[in-house]
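Me: I have a chain open here and want to go through it with you. Can we take the contacts, then the strands, then whatever else comes up?

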Amino acid sequence: MLPRRRARRFPPLVLPLVATMLAAPLLAAPWPAAGGSAPSPQPPAQARLDVGSFTLLANGQRAGREQFSVQRVTSQDGGTLEVRSESAQGDRRVAMRLETDSAGTPVRYSVEERRGADVTLRLGGQRVRGRFATLARSSTGEAAREYLLRPGAVVIEDDGIVQYALLVRQRTMAEGAGITLPSLTPIANSQGAVRLVLETSTDTIVVAGTRHAARRWRVTASSGDLRLVWTDVEGRLLRLTIPARNLEAIRDDVPH
């Protein structure tokens, strides 16, 4: 639930920029079916890093699906990485676009949630001069928020999956070592910290019926909420579990 709230001294032009993002389409091209052909080649300013889909399981039963892409981009406002996803669980549909700098800190962010034919949430965010301003519109009203962007800050939503690709990307650490990063959770209108620990670099996991070498990470939010994340040696997501919610996301195909 998003309370009706007034903007908090945003820098000039920030709210108009964020409001413009609320009306922008989040997914510009259709997604391929699982196991289908790859998307059309990207323009020279973009380079695809990963693309695929996850099957979502709740209590061991199929509950939905999430399709995603991760690519390197070049933009005038400093973005170098872009993550897009589209998920479906029951009658709930969520489209997300996150653009970050090379450290994974957000530059721009958009989310649209639908239940059936109704839009239940539109949220946009923009980084300006060391701060991140968001504007959310829902059936309960409008809420604006401004966050101080501390070094290394990452966006981690409660229901996010592919966002963890940026959290673990290019992390080099020994088994048992960890790092604590500031975190933003714009949909919940909150911020805190997230603890990332490499539990093992010699695990194995089954993807599309084949066993693959994997690294297993433990991610803990300020609230104590735990996620287990498996990646391949290049940091591409293979599996994610949320034990407290009996929720699991399993990758449908082997990364290429």
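Me: What share of the contacts with a separation of 6 or more comes from residues 24 or more positions apart?
Reply: Residues 24 or more positions apart make up 46% of those contacts in the chain. Contact means heavy atoms within 4.5 Å. This is a predicted model, where local features need pLDDT of at least 70, side-chain atom pairs count only at pLDDT 80 or more, and totals for chains, interfaces and linings use all residues. Residues are numbered from 1 along each chain as its sequence is written, and side-chain values use heavy atoms, with hydrogens and water left out.

Me: How many helices and strands are in the chain?
Reply: The chain has 2 helices and 15 strands. These are DSSP runs numbered from the N terminus, with helices being H or I of at least four residues and strands E of at least two.

Me: Which way does S15 pair with S1?
Reply: Antiparallel, over 5 bridges, with S1 covering residues 47-58. Two strands pair if DSSP finds at least two bridges between them. Leu57 has Glu248 in S15 as its bridge partner.

Me: And how many bridges to S14?
Reply: S14, residues 237-242, is joined to S15 by 4 bridges, also running antiparallel. Arg239 stands opposite Ile250 in S15. The hairpin of S14 and S15 has 4 residues between the strands, and Asn246 there takes a positive phi near 50 degrees.

Me: Changing topic. Which residues lie nearest the centre of the largest pocket?
Reply: Arg92, Val94, Glu113, Asp159 and Ile187, out of 32 lining residues. Strands S3, S4, S5, S6 and S14 each give two or more residues to that lining. A pocket is an open set of points on a 1 Å grid over the protein atoms alone, where a 1.4 Å probe fits, with protein on both sides within 12 Å along at least five of seven lines; lining residues have an atom within 4 Å of a point.

Me: Last one, Arg150. Where is it?
Reply: Arg150 is in the loop between strand S8 (141-148) and strand S9 (154-155). Its relative accessibility is 38%, so Arg150 counts as partly exposed.

Me: What does Arg150 contact, leaving aside neighbours within four places in sequence?
Reply: Arg150 is in contact with Pro182, Gln191 and Gly192. Gly130 is 20 residues from Arg150 in sequence and 7.9 Å from it in space, C-alpha to C-alpha.

Technical notes: Buried < 20%, exposed > 50% of the residue type's maximum accessible area, 1.4 Å probe, protein only.
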